[in-house]
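The following exercises concern a single protein chain, shown below. Each task is followed by a solution in steps.

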Amino acid sequence: MSVQHLVRERFFPHLWCPGCGHGMILNALLHQVDAMNFNPSSLVMVSGIGCSSRVAGYVDFHTMHTLHGRALAFATGIKLSRPDLKVIVPMGDGDATAIGGNHFIHAARRNIDMTAIIMNNRIYGMTGGQYSPMSGRGTLATTAPYRCIDRDFDAVRLALGAGATFVARTTDYHVREMASLIGKAMIHKGFSVVEILSQCPTYFGRKNKLGGPVEMLEFYREHTAPLGSRKLEENPSLIPRGVFADREEPEYCEEYENIISGLKE
């Protein structure tokens with residue numbers, strides 16, 4: 001399988017740190033787009049600011065690199081003006097749930113047809129290792145040298161509570177599962193959220209003494225389990241993976257167009 005027609009080769013090798021999971025997510029996304037025979041001209045990727053947002057620089061789609069936390073707002077404008085386009089929005093944990101939290105919950109509430117990929121490495125990696133809403137209690141960061149006391153968001157529960165009609169979680173260790181869930185999210189009609197746990201060995205791993213990339217990937221293997229599995233049933237403290245919601249509801253752009261058509265008539 002070749003994905004060369006989907007990437008901007010002149011920008012490689014990428015700028016992510018060695019062992020960062022974001023490159024693995026980009027790889028899975030590209031292979032899934034290629035496997036599903038999407039026309040690159042029909043795809044738009046909108047990103048904000050952060051390590052995750054650099055994904056947009058490597059794909060040969062229509063792209064828009066915007067402001068921190070505001071990618072979903074820009075993506076909404078694109079989707080409303082060109083509902084025929086398939087919109088993908090890669091975001092980091094802070095990009096999606098801190099400065100971008102308000103946009104995230106309302107995009108989910110409206111059920112706008114786009115795919116939000118939350119690349120959750122539990123840290124602000126680009127700006128120096130500050131803690132994020134996903135870091136969790138007891139973790140260390142440059143802005144929490146004596147440990148973080150904030151409780152962390154559960155991105156899946158947040159998306160479900162806000163009304164997203166497709167919600168899934170996986171890790172970048174589970175490569176085939178990750179690609180499959182991205183594909184399911186892209187063909188779902190409505191607001192789709194895929195949270196992908198992605199290791200940051202440079203800041204989060206090193207600061208919290210979690211080892212290197214291999215050890216962090218092993219953690220995902222040992223401490224997650226598929227929904228409905230015996231492993232999860234026997235140990236409910238594991239992080240569940242899989243599809244948490246997949247339902248049909250009226251899509252925002254279509255409802256908006258119905259109003260316009262009704263007024264014209």
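**Exercise 1. Characterise the salt bridge of Asp-154 and the accessibility of its two partners.**

Step 1. Asp-154 has a relative accessibility of 29% and therefore counts as partly exposed; buried means under 20% relative accessible area, exposed over 50%, and partly exposed in between, with a 1.4 Å probe and protein chains only.

Step 2. The partner is Arg-157, and the closest N and O atoms are 3.8 Å apart. A salt bridge is defined as a side-chain nitrogen of Lys or Arg within 4 Å of a carboxyl oxygen of Asp or Glu.

Step 3. Because its relative accessibility is 64%, Arg-157 counts as exposed.

A note on the basis of these values: the model is predicted, so local features need pLDDT of at least 70 and side-chain atom pairs count only at pLDDT 80 or more, while totals for chains, interfaces and linings use all residues. Residues are numbered from 1 along each chain as its sequence is written, and side-chain values use heavy atoms, with hydrogens and water left out.

**Exercise 2. Describe the salt bridges of Glu-177 and Glu-222, and identify the network that includes Asp-154.**

Step 1. Glu-177 pairs with Arg-241 at 2.8 Å, N to O. This pair links distant parts of the chain, 64 residues apart: Glu-177 belongs to helix 6 (residues 175–187) and Arg-241 to strand 8 (residues 239–246). Helices (H or I, at least four residues) and strands (E, at least two) are DSSP runs, numbered from the N terminus.

Step 2. Glu-177 is partly exposed at 23% relative accessibility, whereas Arg-241 is buried at 7%.

Step 3. Glu-222 meets Arg-221 in a salt bridge, also given as 2.8 Å, N to O. Glu-222 is partly exposed at 42%, and Arg-221 is partly exposed at 34%.

Step 4. Salt bridges with shared partners join Asp-154, Arg-157, Arg-169 and Glu-195 into one network. The structure holds 10 salt bridges.

**Exercise 3. Determine how helix 4 and helix 5 are oriented and which residues form their contact.**

Step 1. Two packed helices are described by the angle between their axes and the distance between the axes.

Step 2. Helix 4 (residues 101–110) and helix 5 (residues 155–162) pack at about 50°, and their axes are 8 Å apart. Axes are lines fitted to C-alpha atoms, for helices over the stretch in contact, and angles run from 0 to 180 degrees between N-to-C directions.

Step 3. The two helices are therefore oblique to each other; angles under 35 degrees count as roughly parallel, over 145 as roughly antiparallel, 65 to 115 as roughly perpendicular and the rest as oblique.

Step 4. Helix 4 contributes Phe-104, Ile-105, Ala-108 and Arg-109 to the contact, and helix 5 contributes Leu-158, Ala-159 and Ala-162. Contact means heavy atoms within 4.5 Å.

**Exercise 4. Locate Asn-208 and list its interactions.**

Step 1. Asn-208 occupies the loop between helix 7 (201–207) and helix 8 (213–223). With a relative accessible area of 16%, Asn-208 is buried.

Step 2. The side chain of Asn-208 reaches the backbone nitrogen of Leu-140 at 2.7 Å. A polar atom of that side chain also lies 3.0 Å from the backbone oxygen of Phe-204.

Step 3. Apart from neighbours within four places in sequence, Asn-208 is in contact with Thr-139 and Leu-140.

Technical notes. A polar contact is a pair of N or O atoms within 3.5 Å; within protein, one must be able to donate a hydrogen and the other to accept it, and residues adjacent in sequence count only if both atoms are side-chain atoms.
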